[in-house]
Amino acid sequence: MSDTQKNDLLEKVTALAKRRGIVYPNSEIYGGIGGFYDYGPVGVEMKNNLKRYWWKEMVDKREDVVGIDGAIITHPKVWEASGHIQNFTDEVIECKKCHQRFRTEEIADGQKCPNCGSQEFTEPRSYNILFETEVGVLENAKTKAYLRGEACQTIYLDFKNVVDSTRMQIPFGIAQIGKAFRNEITPGRLTFRSREFEQWDMQFFVHPNDMEKWFEYWKEKRMDFYKSLYRKQENLRFKQHPKDKLVFYAKDAYDIEYKTPWGWAENEGIHWRGDYDLTQHSKFSGKDLSYTDPRNGEKYIPWIVETSGGVDRTLLMLLLDAYEEEDLGEGKSRTVLKVHPDIAGYKVAIFPLVSNKEEIVNKARSIFELLSENIKVVWDDRGNIGKRYRYQDEIGTPYCITVDYETLENDTVTVRDRDTMEQERVKIVDLDEYLS
Ligand code: GAP
């Protein structure tokens, strides 16, 4: 892909996402609301597939990780203990002319306002990005609460419950996929920086002596995960946080970055949290959150390796990774999403060649019913076959099956491959095996 093509890749992906029901701007008929998005019929399938893919790797295939699904609103003290009420801030500057606000780091020294060109900005000031809400029904008895600024806090709150209610022994992890909310100053680049988004988190609880080993283990494991998802492996790298930028309790931290059209960008963080979180919650709640090893009676506050990534951000990066425009010769071209088949919204599209011949439609329907027992299938009987292929290519459907006149004679169908565009005749009885 050329540089010009790369530069407008985000625009093209954003347009495709809207056009084909992957991501819509939220409240669009009211002019939209910055930083909030909805997933359409194709997008919701893709996002669910992506979450299942993570859950399978991080929970199902592991004997040492269990999942939870925590509430979005917690006791407000949680955010005091975690430090978010004091420190969950971005530095903001405001253009004195147009009053647009920016994160200080976005405007280099001497740079003009990207909105109006003025060079006059206010002094930087801190701005807390936690979303506030109120809990309770009576006007004068409402309690201020917060939408969780990071999903992982619920895992720390449930650590003791999990130890007491399961057979897990340290080392073990607790995984969760859930919403987080940040009142970002400059949301943008589709879902890359949004105000409501989902995180996939895993907090791995270890003995302090084993911290180094597990930190390395999870760092590699998480990189392997992203390598298995993306096509362009060269667009993945680790970025170690500089020692002087680490939070005081962290000995180390890495981002897994993906190379986007606007540069290397964080996809997931691998964080050394030590005993900070459980110690803070013990202090603020007055409850003992230490762990007693049933094998030798040793009592200690477990240390934590965190892996924390963005679901929406990963899906956006996957779209950027998968988007291709191909020249088919003779003035023809196609747009295709070469997305991992496990993540594609639909695995197979079923086309009856014509929609007015009952035998063909019925045959196609029976194949739809057969396949939809095990995989997500979509039906399309609109327009000519060429147009149907183009549509499915744009949403990344790996296979299209056409039921035609020959099907009625010999019970075979045409299976067309998204990436090679090659077509093969396959017996209906062999379809399940062929597709798997
Ligand atoms: N518990 C640690 C934590 O929340 P983080 O680096 O702030 O760490 C983890 O967030 C991941 O969440 C990021 O790597 C990113 O993928 C995603 N994320 C963070 N802020 C986001 C936002 N405003 N919009 C979309 N995704 C975001």
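All 12 of the 12 residues of helix α9 are buried, so α9 is largely enclosed by the rest of the structure. Buried here means under 20% relative accessible area, with exposed meaning over 50% and partly exposed in between (1.4 Å probe, protein chains only). The buried residues of α9 include V311, R313, L316 and D321. Helix α9 covers residues 311-322, and at 1.5 Å a residue its 12 residues should span 16 Å; the end C-alpha atoms are 16 Å apart, which agrees. The expected span is 1.5 Å times one less than the number of residues in the helix. Helices (H or I, at least four residues) and strands (E, at least two) are DSSP runs, numbered from the N terminus.

This is a predicted model, in which local features need pLDDT of at least 70 and side-chain atom pairs count only at pLDDT 80 or more, while totals for chains, interfaces and linings use all residues. Residues are numbered from 1 along each chain as its sequence is written, and side-chain values use heavy atoms, with hydrogens and water left out.

Strand β16 (residues 303-310) pairs with β13 in the antiparallel sense over 6 bridges. Two strands are said to pair if DSSP finds at least two bridges between them. On its other listed pairing, β13 (residues 263-274) is joined by 8 bridges to strand β12 (residues 253-260), and these two run antiparallel. β12 and β13 form a hairpin with 2 residues between them. Within this pairing, E257 stands opposite E266 in β13.

E268 is found in β13, and its bridge partner in β16 is G309. E268 is buried, with a relative accessible area of 0%. Leaving out residues up to four places away in sequence, E268 touches W200, R222, Y226, Y254, D255, I256, T307, S308 and G309, where contact means heavy atoms within 4.5 Å. The side chains of E268 and W200 are joined by a polar contact of 3.5 Å. A polar contact is a pair of N or O atoms within 3.5 Å; within protein, one must be able to donate a hydrogen and the other to accept it, and residues adjacent in sequence count only if both atoms are side-chain atoms.

The next topic is the ligand. Of the 20 residues around the ligand, E150, R182, E184, S194 and E266 come nearest, a residue being near if one of its heavy atoms lies within 4 Å. An N or O atom in the side chain of E150 is 2.7 Å from a nitrogen atom of the ligand. The side chain of E306 also has an N or O atom 2.8 Å from a nitrogen atom of the ligand. In N267, a backbone N or O atom lies 2.9 Å from an oxygen atom of the ligand.

β19 and β20 run parallel and are joined by 3 bridges, with A349 opposite V378 in β20.

I350 has its place in β19 (residues 348-352). At 0% relative accessibility, I350 counts as buried. Apart from neighbours within four places in sequence, I350 is in contact with A364, I367, F368, L371, V377, V378, W379, D380 and I401. I350 and L50 are 300 residues apart in sequence and 23 Å apart in space, C-alpha to C-alpha.

Another open sheet has 3 strands in the order β5-β4-β6, with antiparallel pairing. β5 (101-103) and β6 (125-128) stand at the edges, each with a single partner strand, so one side of each is left without a neighbour in the sheet. Here the twist averages 50° from one strand to the next. Strand β4 (residues 89-94) is joined to β5 by 3 bridges, the two running antiparallel, and the bridge partner of I93 in β5 is F102.

How values were computed
Axes fitted to C-alpha atoms, helices over the stretch in contact; angles between N-to-C directions.
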